[in-house]
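Subject: Structure for your files

Hello,

Here is the structure I said I would pass on. My notes on it follow below.

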Amino acid sequence: MKLKAFIDVSVISVILCMIAVLRADDVTHPRHVHIAYGDEPHKMIVTWSTINYTDSNVNYGLSRDALNMVQGGSSSKFVDGGTAKRSQFIHKVDLVDLKPNTTYYYRVGSLEAKIWSSVFYFRSMPDGQDWGPSIVAYGDLGSANAQSLPRLLVDAAQGMYDAVVHVGDFAYDLSKNQGLVGDTFMQQIEPLAATLPYMTCNGNHENYYNFSNYKARFNMPNDNKRMYYSFNVGPIHFVSMSTEFMYFPNYGMKQIFDHYEFVKNDLIEANKPENRAKRPWIVTFGHRPMYCSNSDNDDCASYESLVRVGVPLYGIKGFEDLFHEQGVDVALWAHEHTYERMWPVYKLEVRNGSYEKPYTNPGAVTHIVTGTAGCIERHEYFTKNPPPWSAFHSSEYGYTRMKFANKTHLFVEQVSDDRDGMVIDRFTLVKDSHGPYKK
Ligand SMILES: [Fe+2]
């Protein structure tokens with residue numbers, strides 16, 4: 001009897017210990033692993049989350065079986081703004097001095113507790129500008145109805161892309177249900193974002209608690225949590241914008257002006273002849289479009305959208321003149337749950353290169369709206385009489401592929417997930433020279 005009681009107690013103790021270990025492991029186990037390009041080509045930023053505090057380390061190497069390097073980093077405690085005040089630790093490690101164009105295998109976690117994630121891999125950026133990046137771009141990807149995500153994973157597994165550009169609106173929403181929807185979303189994108197640099201800008205759905213979930217969960221190069229930054233990928237200079245400052249002035253007016261000054265100075269620098277010679281392509285991405293022809297009365301459907309013209313009465317400048325003067329090649333937008341390709345346009349005037357070849361040496365910026373990755377808010381539609389600068393539009397879910405073939409040719413195609421990956425639109429932007437457009 002005593003022996004049986006001892007065995008029972010022992011079994012129960014073992015089970016309780018196992019539960020304790022499992023719980024400890026659960027709250028210290030890395031999750032939401034994702035990467036981003038650094039502020040120079042030989043760097044990669046690795047970010048992940050744990051519920052409890054752990055040390056922050058990346059264990060990496062050139063083969064899955066030889067993770068023989070370790071790089072430490074830091075973490076910061078993030079407390080969601082909801083009533084439950086759920087907290088988690090967001091870890092950041094910068095991998096530096098990476099060999100160019102090399103596949104690295106890595107896992108993230110704790111050296112002290114010896115708790116590690118699965119092993120992931122990424123390819124570091126090739127050196128120089130003489131290579132052709134393949135970028136996939138989309139906005140408005142939710143946790144529920146993330147329709148394009150499986151196809152994006154298949155594409156990525158085939159090595160189709162070098163990086164992802166997510167043009168705002170995540171999860172619907174990162175902060176919803178005490179941040180649990182954000183947690184689920186970050187886990188959903190992990191297979192994609194742990195392998196490809198996942199470059200972001202904020203959207204209106206990130207606005208809750210002053211964008212705190214977005215700021216905490218993503219680490220971008222040169223950002224310093226301002227929510228605007230720029231980075232270079234081969235022959236491309238990307239500028240990530242925060243259009244939302246204009247639409248949420250309750251979070252402060254100063255950042256509207258600071259943001260404009262940053263974008264202006266950044267574009268002026270990128271457009272200097274010596275820089276443009278190295279990196280001729282300038283691509284901006286921001287959430288709310290200057291132009292769209294949707295039927296939902298959003299700001300971009302008005303002729304004087306905030307992003308395009310600003311609010312002159314209050315000294316708030318729009319971005320159209322700046323983009324035109326600094327010769328931005330492509331402006332990517334989202335927010336509308338649709339795809340729309342504009343003719344090259346300036347101040348509502350179509351500036352095609354020629355009748356036969358509208359995108360060869362155009363006279364203005366080419367705008368693309370790609371907000372159709374899939375989310376709980378479903379499809380959106382278009383006005384029956386689109387304006388003359390609207391070249392092609394679709395309400396089908398999907399995403400946009402951009403292949404920068406060289407310094408003069410950019411191939412763009414729109415994939416429809418609704419039609420099993422069919423390409424429903426494609427065009428080639430040809431720029432024999434890059435620079436300011438004529439007034
Ligand atoms: Fe949006």
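This is a predicted model. To start with the domain contact: 23 residues of domain 1 are in contact with 26 residues of domain 2. On the domain 1 side, the elements that give two or more residues to this contact are strand 1 (31-37), strand 2 (44-50), strand 6 (87-95) and strand 9 (120-123). Strand 1 provides the largest share, 7 residues. By type, the domain 1 side that touches domain 2 divides into 11 nonpolar, 7 polar and 5 charged residues.

For the bounds, domain 1 covers 30-123 and domain 2 covers 134-430 of the protein chain. Their centres, taken over C-alpha atoms, are 27 Å apart.

An open sheet is formed by 4 strands in the order 1-2-6-5, with antiparallel pairing. Strand 1 and strand 5 (74-79) are at the edges and have a single partner strand each, so one side of each lacks a neighbour in the sheet. On average, neighbouring strands of this sheet are turned by 20° against each other, direction ignored.

Within the sheet, strand 2 and strand 6 pair in the antiparallel sense over 7 bridges. Tryptophan 48 stands opposite histidine 91, which belongs to strand 6.

Regards

Definitions and conventions
Residues numbered from 1 in each chain as written. Predicted model: local features only at pLDDT ≥ 70, side-chain atom pairs only at ≥ 80, totals over all residues. Domains from an automatic or database assignment. Contact = placed C-beta atoms within 7 Å. Nonpolar A, V, L, I, M, F, W, Y, C, P; charged D, E, K, R; others polar. Pairing = 2+ DSSP bridges. Axes fitted to C-alpha atoms, helices over the stretch in contact; angles between N-to-C directions.
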